[in-house]
Amino acid sequence: MKRLFTSWTLLCVLIQLWAQAPSGYYTDATGSKGKSLKTALYQIITDHTARSYKQLWTDMQSTDRREDGKVWDMYSSTTDFTFTSDQCDTYKNEGDCYNREHSFPKSWFNDASPMYTDLFHLYPTDGYVNNRRGNYPFGETNGEQYKSNGGYSKLGKCTSPGYSGTVFEPDDEYKGDFARSYFYMATCYEDRIATWNSDMLAHNSYPAYAKWALDMLLRWAAEDPVSPKEIARNNAVYKIQKNRNPYIDFPGLEQYVWGSKTGIPFDPDNYDGGGEVTPPNPDDVATPTFTPSAGSVDKGTTVTISTTTPAAYIVYSLNGGSLRTEESPVYVEITEPTTIEAYAMKEDKISETVSATYTIVSTLPDEGIQTFKKVNSTDALEIGKRYLIVCEDKNKAMGAIQNDFRSCEDVTIETGQIRTEVNGNGQPFQVILSGQEGAYTLYDATAKAYLSLTSDKNKLHNSDEANSKNAQWTITVSGGQASIQNNAYKSRTIQYNASSPRFACYTNGQQPVALYVNTTSGSGIKEVVATEDSLVDVYTINGQLVRQNVQASQALNGLKKGMYVIKGNKVLVK
């Protein structure tokens, strides 16, 4: 099943033989380039016949049939499915059955039509592997979370520059296929994609994809060029939907829309062999990445700025100050709210400039009884402060994450105040307010994650990243109640479900919540009072226990630089 081409010439011959776009189909795009070219293509391909979800089972028998008559599965290398009889009902293992995979996950566009049944991004795939993929973005990974048979598909932390979340990596054989599916989605649905939600998306109509994702997709398309399989499938889908994928009809067209040829007018009648796109030049300078990614961090956290280009320099500034130049990697200690801007440079080449903003986790001690006061107005919200999310009617405060919701813990409310221990088992969990008005983030320093909503359902998730709308919230306080509205799914707010006790996200019908802010004063930085028989616990500023029942005189020995909490006092290790 592997595709082998001896030269670009053979590929071009194959394209000429099999490409069957009707005469004049792309005429209206003639002379367009870059962003305007994408809009011209959108106007050509957007109107098409929408299928029912049930019809796809039959459609795929013509769009995704191997030469041996079996199902063409692009997620697994070991399947041998027969159409109809091996359709998924239930499955336990790879190879049990096949289903209809939205390679561009349907949750990203809220299951809306006609995207839901568009064959240009729907493929038959192994049900079990598809389930492991879920709605994670495509990316590149070492597959530490999951690998399909033979390591054909992988799931794990992204290793592509610019993103560190969990991703699903298909086999090299089909990366170009999926890249061209994604180029199609950004073009066919140019009028809608800005409202969709994924870490791969830029929340605009052009370029539509986040830089890390677009760079990767362009590279995938160049490294895995258009194949006879794709050309045949393009023709088969055209017979069903009455529209085409232009990125298959014109190999390398993505370079005219997003890449190195955006200044060249498109001419469908005299296309210059755009499939012969030169793969990325290894001498080009890779855009810097930041580790950890932007968001709330402990005071004293070291941010690493690096590029994958060997022997490159990092040019950067802090909070708009003067430029500094150092060899990659560069290390920056965060001691105050900081915005870093940086680009990479090697000889006469420079990368794109990127930025990351960091806020400081509050240094209030988490040990012992804390005092919280009710927030009565939106204006009273303060970045960096710690808050409880509370259902006052039921005397419950939000606790730790449990599956797809947050637990509820008992609190006593007296004259607008709550006094309680926090962040332990059976205790309320504080969240730290970060971000900005209209795009606040709620950081759980104990779980080291942001409250997030990744699907339009009654759930409440965690996210490692703060820069997507899923992890951003619009917060207003009126009449003593707080509306905590998710920016990705604006109909959903954090509410308390009394009938199935939990905090989650609902459209309506549940108990309202309020915000209570931590007013416990810090006690200043103190030395450890050492006595021979004094046993203490040592916590990080975030409340993480690092040492338990150690002698006070030895409590700080060997700890790295930073702030710690012992008996409610902040202690600095230099």
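Strand S1 gives four residues to the lining of the second largest pocket, the largest share. Strands here are DSSP runs of E with at least two residues, helices are runs of H or I with at least four, and both are numbered from the N terminus. This is a predicted model, where local features need pLDDT of at least 70, side-chain atom pairs count only at pLDDT 80 or more, and totals for chains, interfaces and linings use all residues. Residues are numbered from 1 along each chain as its sequence is written, and side-chain values use heavy atoms, without hydrogens and water.

Back to the pocket. A pocket is an open set of points on a 1 Å grid over the protein atoms alone, where a 1.4 Å probe fits, with protein on both sides within 12 Å along at least five of seven lines; lining residues have an atom within 4 Å of a point. The volume of the second largest pocket is about 1,100 Å³, counted as the space filled by probe spheres set on the points. Its lining has 40 residues, and Ser107, Gly134, Asn135, Tyr136 and Thr454 lie nearest the centre. Elements giving two or more residues are strand S1 (98-102), helix H4 (127-133) and strand S24 (461-463).

Now a sheet. Three strands form an open sheet in the order S6-S8-S11, with antiparallel pairing; strands pair if DSSP finds at least two bridges between them. Strand S6 (289-291) and strand S11 (330-334) are the edges, each pairing on one side only. S6 is joined to strand S8 (residues 301-306) by three bridges. In that pairing, Thr289 stands opposite Ser306 in S8.
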